[in-house]
Amino acid sequence: MIKDIRIGNGIDVHRFVEGRKLILGGVEIPHTHGLLGHSDADALLHAISDALLGALALGDIGKYFPDDDMKFKDADSKQFLLEINKLVADKGFKIQNIDTTLLLQKPKISPYVDKMKEVIANLLQLEKDRISIKATTTEKLGYIGREEGVIAEATVLLVKF
Ligand code: MG
C-alpha cells in the first residue's frame, strides 16, 4: 500500500568558461569550456538534488551546501546528491524515477548519457531504467544557443510504502 507520493522539480544554470572541466551527471566530458561554479558546477546533479529537496519541501541545495562556504569549494557534487538522498531515505521515501533534460548547444552529450545514468544509479542505489537523461539544443536561440551556458532540469517522483 502506498502511504504518500511526492513530486519534485529542480532547475540549475551554469555559465561556460575557459579553463574549467565540464562535468555533467558526474561524468567528465571533453570540451573547450567547462562550467563555472563554487563546486564542480555539475548542473545535472544540482537539478536532481533540488528536485529531491523540492519533493520533500526541504528547501534548496544552497541551504545545505552554501556557495560562500569554503568547505564546498570545488566540491564533488556527487557528495551533495548522496547526502540529499539520505534525507529522502530518512523521511521514509524511495525514488521511483528521475526524468531530466539538459539544454545546451554544444557539446553533444549523447555519447555520455549511459555513463551518467550508471553514475547516478550507483549513487542513488536505483535501477538504471528509472533514470532518464534527455538533451536538447535551443536551435541557437538565447544564451544557450550562444554557448554561454547550460540549463539542467529534473523531475523526480518519490513514494512512501
Ligand atoms: Mg548549481
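Asp50 is buried (under 20% relative accessible area, with over 50% called exposed and anything in between partly exposed, using a 1.4 Å probe and protein chains only), yet Asp50 has no salt bridge. A salt bridge here takes a side-chain nitrogen of Lys or Arg within 4 Å of a carboxyl oxygen of Asp or Glu. The nearest side chain of opposite charge is Lys63, 10 Å away; Lys and Arg count as positive, Asp and Glu as negative, while His and the chain ends are not counted.

Asp50 sits in helix α1. Leaving aside residues up to four places away in sequence, Asp50 touches Asn9, Gly10, Ile11, Asp60 and Ile61, where contact means heavy atoms within 4.5 Å.

## What you are looking at

This is a predicted model, in which local features need pLDDT of at least 70 and side-chain atom pairs count only at pLDDT 80 or more, while totals for chains, interfaces and linings use all residues. Residues are numbered from 1 along each chain as its sequence is written, and side-chain values use heavy atoms, with hydrogens and water left out.

## The magnesium site

Which residues hold the magnesium ion? Asp12 (OD), His14 (NE2) and His46 (ND1) coordinate the ion at 2.2 Å. Donors are N, O and S atoms within 2.8 Å of the metal (3.2 Å for Na, K and Ca), and water is not among the atoms, so sites may look incomplete.

Along the chain, the donors of the magnesium ion are spaced as D-x1-H-x31-H. His14 belongs to strand β1 (residues 4-18) and His46 to helix α1 (residues 43-55), so this pair ties together parts that are 32 residues apart in sequence. Helices (H or I, at least four residues) and strands (E, at least two) are DSSP runs, numbered from the N terminus. His14 counts as buried at 13% relative accessibility, and His46 counts as buried at 7%.

## Helix α3, inside and out

Ser77 lies in helix α3 and is buried, with a relative accessible area of 0%.

Ala89 is exposed, with a relative accessible area of 51%.
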